[in-house]
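Here is a briefing on one structure. It covers the sheet, the annotated sites, the ligand shell, the core and the backbone exceptions.

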Amino acid sequence: DIRGFILDLDGVISNTSVLHSRAWQQIAHKVETPWHPKLSEELKGVGRMDSLNLILRRGRRRVKYSLEDKVRLTEEKNKLYIELVNKMTPDDILPGIKKFLDSLKANHYPIALASASRNAPLVLEKLQLTDYFDQIVDPAKLRKGKPDPEIFATGAKLLGLLPEECIGIEDSAVGITAINAAGETSIGIGARHVLRDAHINFADTRDLTLENIKKRL
Ligand code: G6P
Ligand code: MG
């Protein structure tokens, strides 16, 4: 029986994956990595330093960046990202999500957030959604990022539930892998060919309703 929900943030609740991507494009330009549309997909769900490493690996420059340089670049990206986040309002909640969260509350399902982003609390605040979340996993306390199951396993634990009692919702391939590895039911939001391993797939956040989920369980 499903008793709780664990949600990703960027690309599920808000369109912030586009903002992450926009900020990374500026960093990519700086380190002379030609931007490839594939990068936007590859960076989804991936933490800050790992994202930078992916960008550097795709670059033509064979310069070795020191850890200090890399930290500086991630800080620069974060500054650009926060500038974009600060302009956000509740209008930036993806279609259908507010209604979905309301229906979870009405049905007394506890909700946890499993985002790799250290900016997640700020984004939730901008969207005025903080109060919906019973638990927020702190990514700074985790040993491994997605696709490791740790973040979703921690979400279940914080809700006081068994993994098999939880549904995880994700827009990234690494996130779906993490949910499945945690032993939870996975819902992928987005293109089926990207989210191949999701137990349930919805093309759009508008399709994410309790009714649709129950039909597919
Ligand atoms: C999420 C996003 C990634 C982002 C990561 C870290 O997983 O999908 O694009 O890189 O969080 O975010 P942060 O805000 O801490 O840099
Ligand atoms: Mg995401």
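Six strands form an open sheet in the order E3-E2-E1-E4-E5-E6, with parallel pairing. Its edge strands, E3 and E6 (200-202), each pair on one side only. The model is predicted: local features need pLDDT of at least 70, side-chain atom pairs count only at pLDDT 80 or more, and totals for chains, interfaces and linings use all residues. Residues are numbered from 1 along each chain as its sequence is written, while chains are lettered from A and ligands numbered from 1 in the order in which they are written.

**Sheet**

- Helices (H or I, at least four residues) and strands (E, at least two) are DSSP runs, numbered from the N terminus.
- Two strands pair if DSSP finds at least two bridges between them.
- Strand E5 (residues 185-189) runs parallel to E6, and the two pair over three bridges.
- Ile 187 faces Ile 200 of E6.

**Annotated sites**

- An unreviewed UniProt entry gives "binding site" for Asp 8, Asp 10, Glu 170 and Asp 171.
- These four gather at one spot, because no two of their C-alpha atoms are more than 8.8 Å apart although they span 164 residues in sequence.
- The UniProt feature "active site" (unreviewed entry) is placed at Asp 8 and Asp 10.
- UniProt positions follow the numbering used here, feature names are shortened, and annotations may be inferred rather than shown by experiment.
- Burial is a count: a residue is buried if 20 or more other C-beta atoms lie within 10 Å of its own, exposed if 12 or fewer, and partly exposed in between, with C-beta atoms placed from the backbone.
- Contact means that the C-beta atoms of two residues, placed from the backbone, lie within 7 Å.
- Asp 8 sits in the loop between E1 and H1. Asp 8 is buried, because 30 other C-beta atoms lie within 10 Å. Leaving out residues up to four places away in sequence, Asp 8 touches Ala 114, Ser 115, Ile 169, Glu 170, Asp 171 and Gly 175.
- Asp 10 is in the loop between strand E1 (4-7) and H1. Asp 10 is buried, with 25 other C-beta atoms within 10 Å. Beyond four places in sequence, its contacts are Thr 16, Ser 17, His 20, Ser 115 and Ser 117.
- Glu 170 belongs to strand E4 (residues 166-170). Glu 170 is buried too, with 29 other C-beta atoms within 10 Å. Apart from neighbours within four places in sequence, its contacts include Asp 8, Val 12 and Gly 188.

**Ligand 1**

- The shell around ligand 1 has 16 residues, and Asp 10, His 20, Ala 116, Ser 117 and Arg 118 come nearest.
- A residue is near a molecule or strand if its C-beta atom, placed from the backbone, lies within 6 Å of it.
- Helices H1 (16-30) and H3 (48-58) each supply at least two residues of this shell.
- By type, the shell holds three nonpolar, nine polar and four charged residues.
- Here Ala, Val, Leu, Ile, Met, Phe, Trp, Tyr, Cys and Pro count as nonpolar, Asp, Glu, Lys and Arg as charged, and the others, Gly among them, as polar.

**Nonpolar core**

- The largest nonpolar core has 51 residues. Those with the most contacts inside it are Ile 6, Leu 7, Ile 13, Ala 114 and Phe 152.
- Such a core is a set of buried Ala, Val, Leu, Ile, Met, Phe, Trp, Tyr and Cys residues joined through C-beta atoms within 7 Å.
- Beyond its neighbours within four places in sequence, Ile 13 is in contact with Leu 7, Ile 93, Leu 94, Ile 97 and Leu 129.

**Backbone exceptions**

- Most residues other than glycine have a negative phi, and most peptide bonds are trans.
- Lys 146 and Pro 147 are joined by a cis peptide bond, with omega about 15°. Pro 147 lies in the loop between strand E3 (135-136) and helix H7 (150-159).
- His 108, not a glycine, has a positive phi of about 60°. His 108 lies in the loop between helix H5 (97-106) and strand E2 (111-113). His 108 counts as exposed, with 7 C-beta neighbours inside 10 Å.
- Gln 128 also has a positive phi, near 55°. Gln 128 is in the loop between helix H6 (120-127) and E3. With 12 C-beta neighbours inside 10 Å, Gln 128 counts as exposed.
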